[in-house]
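Hello,

Here is the structure I promised to pass on to you. Have a look at it first, and then read my notes below.

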Amino acid sequence: QVQLVESGGGLVQAGGSLRLSCAASGLTFSTYAMGWFRQAPGKEREFVTAIDWSGTSTYYANSVKGRFTISRDNAKNTVYLQTNSLKPEDTAVYYCAAGHHPIATMRGDYWGQGTQVTVSS
């Protein structure tokens, strides 16, 4: 009954931006750290970013630091990922995750189905 549903992916040119959303239901959203992971073609799933339960602390993979911003709206049970200055290597399926973990070691207890981000050169 826990559901995480991502949206907002698409095809953009290098240097462009997308705002991804993840709508959560079936869990007490405000008690969970939330995160984003991605999986590129032929590669393993990797951590992108996470945000703590209150939205006051964030953590980013070095590959996206300074370009991506995670945020959350607990009143809407939604977490966002603003992606700026996109590069072709950002092309991946982006997955939303919820977990009771420190954000620096974020793991997914629950996962969304993913949304495709494709960045053309």
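Let me begin with a definition: a charge sits over a ring if NZ of Lys or CZ of Arg is within 6 Å of the ring centre and within 35 degrees of the ring normal. By that rule, the charged end of Arg-45 sits over the ring of Trp-111, at 4.7 Å from its centre. Arg-72 lies over the face of Phe-29, with 4.4 Å to the ring centre.

Before you go on, please keep in mind that this is a predicted model, in which local features need pLDDT of at least 70 and side-chain atom pairs count only at pLDDT 80 or more, while totals for chains, interfaces and linings use all residues. Residues are numbered from 1 along each chain as its sequence is written, and side-chain values use heavy atoms, with hydrogens and water left out.

**Aromatic pairs**

Rings of Phe, Tyr and Trp (its six-membered ring) pair if their centres lie within 6.5 Å; planes under 30 degrees apart are stacked, over 60 edge-to-face, and the rest tilted. The search of the whole structure finds four aromatic pairs. One of them is formed by Tyr-32 and Tyr-110, which are edge-to-face, with 6.1 Å from centre to centre and 65° between the planes. Tyr-32 lies in the loop between strand E3 (18-25) and strand E4 (33-39), and Tyr-110 in strand E10 (residues 110-111), so this pair ties together parts that are 78 residues apart in sequence. Strands (E, at least two residues) and helices (H or I, at least four) are DSSP runs, numbered from the N terminus.

Are these two tyrosines buried or exposed? Buried means under 20% relative accessible area, exposed over 50%, and partly exposed in between (1.4 Å probe, protein chains only). Tyr-32 counts as buried at 10%, and Tyr-110 is partly exposed at 32%.

The rings of Phe-37 and Phe-47 have centres 5.6 Å apart and planes at 75°, so they are edge-to-face too. This pair links Phe-37 in strand E4 with Phe-47 in strand E5 (residues 46-51), 10 residues apart. Phe-37 is buried at 8%, whereas Phe-47 is partly exposed at 21%. Ring pairs also link Phe-37, Phe-47, Tyr-59 and Trp-111 into a cluster.

**The sheet**

Two strands pair if DSSP finds at least two bridges between them. Four strands make an open sheet in the order E1-E3-E8-E7, with antiparallel pairing. Strand E1 (3-7) and E7 stand at the edges with a single partner strand each, so one side of each has no neighbour in the sheet. E7 is joined to strand E8 (residues 78-83) by six bridges, and the two run antiparallel. In this part of the sheet, Asp-73 stands opposite Thr-78 in E8.

**The disulfide**

How many disulfides are there? A disulfide is a pair of cysteine sulfur atoms within 2.5 Å, and the count comes to one. It joins Cys-22 to Cys-96, with an S to S distance of 2.0 Å. Cys-22 lies in strand E3 and Cys-96 in strand E9 (residues 92-99), so the pair ties together parts that are 74 residues apart in sequence. The torsion about the S-S bond is about -80°, so the disulfide is left-handed. Both Cys-22 and Cys-96 are buried.

Enjoy exploring the structure!

Best wishes
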